[in-house]
Amino acid sequence: MKKVSALLLTVMLCALAFSSRPVEGQNVNNRKAEKPTGKAVRNYRREQGGARPAWAESAHARSLEFLKRHGRVAGLREPAAELEFVRASEDDLGLTHVRLEQAHQGVPVFGRQIITHIDARGAGHTTGRVHEAARGVNTAPGLTAAAAVKAARAGLDYGGQLSGQPQSKLVNLPHVGGS
């Protein structure tokens, strides 16, 4: 009888031990936290509209402050006047990434963005550069929005039906090696 009880107790303990082990991919509260990988934990894009969340507003302000000190490397003179907020994200490494686009007199400069990567202490780096010649471009449009759409359709030589109403947007298109 003692042998049967000991065998049952051993089987029960083994079953309990195996049933408490997490299955691959199973979320268990007592598991060690996964190592940070740079995965985004918060995101905000200006297209979302509405008021910018406080964390994104703070990220934008910290980014501009960083660029005041280090923006000359990217060709910046006055970061707050030359850049417009595009988006912000925070990752699980504790870094904040803010994407800003160059604009001259409110007109975006196509393809010219600066991205700041800043840690909690305010240290970081930037990627991207402004197009310095864009500062001298006349931003007054030479065509109305309707005339621009008409010219684009004529330039494409397309008379077919479009899936949506065409729209135009004024942008500064830098020329490589020029303005």
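Is Val171 buried, partly exposed or exposed, and what is its relative accessible area? In this predicted model, Val171 is partly exposed, because its relative accessible area of 36% falls between the 20% and 50% limits. Val171 sits in the segment that follows helix 4 (145-156). Together with Phe110 and Leu173, Val171 makes up a nonpolar surface patch, and the three residues have about 310 Å² of accessible area together.

**Strands 4 and 5**

Strand 4 (residues 107-118) and strand 5 (residues 124-127) run antiparallel and are joined by four bridges. His117 has His125 of strand 5 as its bridge partner. The two strands, strand 4 and strand 5, form a hairpin with five residues between them. In the turn, Gly122 has a positive phi of about 95°.

Asp119 belongs to the loop between strand 4 and strand 5. With residues up to four places away in sequence left out, Asp119 touches Arg62, Gly94 and Leu95. Asp119 counts as buried because its relative accessible area of 16% is under 20%.

**Lys35**

Lys35 is located in the loop between helix 1 (2-19) and strand 1 (40-45). A relative accessible area of 73% is over 50%, so Lys35 is exposed. Lys35 and Leu93 are 58 residues apart in sequence, and their C-alpha atoms are 9.1 Å apart in space.

**Accessibility by residue**

| Residue | Relative accessible area | Class |
|---|---|---|
| Asp119 | 16% | buried |
| Val171 | 36% | partly exposed |
| Lys35 | 73% | exposed |

Terms used
Residues numbered from 1 in each chain as written. Predicted model: local features only at pLDDT ≥ 70, side-chain atom pairs only at ≥ 80, totals over all residues. Heavy atoms only, no water. Patch = residues over 30% accessible without salt bridge, like charges linked within 9 Å, V, L, I, M, F, W, Y side chains within 5 Å. Areas by Shrake-Rupley, 256 points an atom, 1.4 Å probe, with all protein chains shown as cover. Salt bridge = Lys/Arg side-chain N within 4 Å of Asp/Glu carboxyl O. Buried < 20%, exposed > 50% of the residue type's maximum accessible area, 1.4 Å probe, protein only. Pairing = 2+ DSSP bridges. Contact = heavy atoms within 4.5 Å.
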